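Subject: Structure handover and what turned up in it

Hi there,

Here is the structure I promised to pass on. Please open it next to this email, and my notes follow below.

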Amino acid sequence: MFKTFVKAASAAFVGVIALGTVAAKATETLITGASGYDLVAYFTEDRAVEGSTAHTAIHEGVTYLFSKAEHKDAFEADPAKYLPAYGGYCAFGAAVGKKFPIDPHAFKVVDGKLYLNNNKKVQDRWLTDIAGYIKLGDDNWENIKNVPAGEL
């Protein structure tokens, strides 16, 4: 009986540790803008570049990572120039009134604004009518920007 209790307690402890790790990773994702990718690199290198904790900037309570000091400096000088549309949520999601997470590799800069999408397949659909989806996203964003994603 004692062995069964020890096994059950050990399994429960491992489960709590695993949940704690998942929760820590989820929290990290929530507080790191653009999933930790360098916002400036989307504009200067036209590609997704992972940021580094050596080059961080905090803007409106969100921590952004940059691949180099020059990118961090550029962001701090003019954050609005680099911040993604729709608070960093999926551009297609905003167009349909939802907040979807993003794949940092599914992006496009349009008229000087960064748009991120949930994944490449969603992005392919968004690309079929960029102007139309941006208009829908802009119209919807005012109504959904302060609503938690899970409530949409």
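In which strand is L114 found? L114 is found in strand β4, where helices (H or I, at least four residues) and strands (E, at least two) are DSSP runs, numbered from the N terminus.

Two words on the basis first. This is a predicted model, in which local features need pLDDT of at least 70 and side-chain atom pairs count only at pLDDT 80 or more, while totals for chains, interfaces and linings use all residues. Residues are numbered from 1 along each chain as its sequence is written, and side-chain values use heavy atoms, with hydrogens and water left out.

Back to L114. With a relative accessible area of 0%, L114 is buried; buried means under 20% relative accessible area, exposed over 50%, and partly exposed in between (1.4 Å probe, protein chains only). Leaving aside residues up to four places away in sequence, L114 touches L39, Y42, F43, Y82, P84, A85, F107, K108 and V109, a contact being heavy atoms within 4.5 Å. L114 and Y86 are 28 residues apart in sequence, and their C-alpha atoms lie 9.5 Å apart in space.

Y86 deserves a look of its own. You will find Y86 in the loop between α4 (79–82) and α5, and its phi is near 60°, a positive value in a residue other than glycine. Y86 counts as buried because its relative accessibility is 5%. D111 also has a positive phi, near 50°, and is likewise a residue other than glycine. D111 lies in the loop between β3 and β4, and its 81% relative accessibility is why it counts as exposed.

Now the overall layout. The protein chain has 7 helices and 4 strands, in the order α-α-β-β-α-α-α-β-β-α-α along the sequence. Of its 152 residues, 34% count as buried. Among contacts between residues at least 6 apart in sequence, 54% join residues at least 24 apart. The accessible surface of the chain comes to about 9200 Å², and 58% of this belongs to carbon and sulfur atoms (Shrake-Rupley method with a 1.4 Å probe; for residues, only the protein chains shown count as cover).

The largest nonpolar core has 32 residues, and L39, Y42, F75, Y86, Y115 and W126 have the most contacts inside it. Such a core is a set of buried Ala, Val, Leu, Ile, Met, Phe, Trp, Tyr and Cys residues joined through side-chain atoms within 4.5 Å. Elements giving two or more residues to this core include α2 (39–44), β2 (62–66), β3 (103–110) and α7 (130–144), and α7 gives the most, with 5 residues. F75 touches L39, V40, A57, H59, Y64, F66, Y82 and L83, not counting residues up to four places away in sequence.

Q123 sits in helix α6 and is buried, with a relative accessible area of 6%. Again not counting residues up to four places away in sequence, Q123 touches A106, F107, K108 and N117.

Last, the hairpin. Strand β1 (residues 52–59) and β2 run antiparallel and are joined by 5 bridges; two strands pair if DSSP finds at least two bridges between them. I58 stands opposite T63 in β2. The hairpin has 2 residues between the strands, and E60 takes a positive phi near 50° there.
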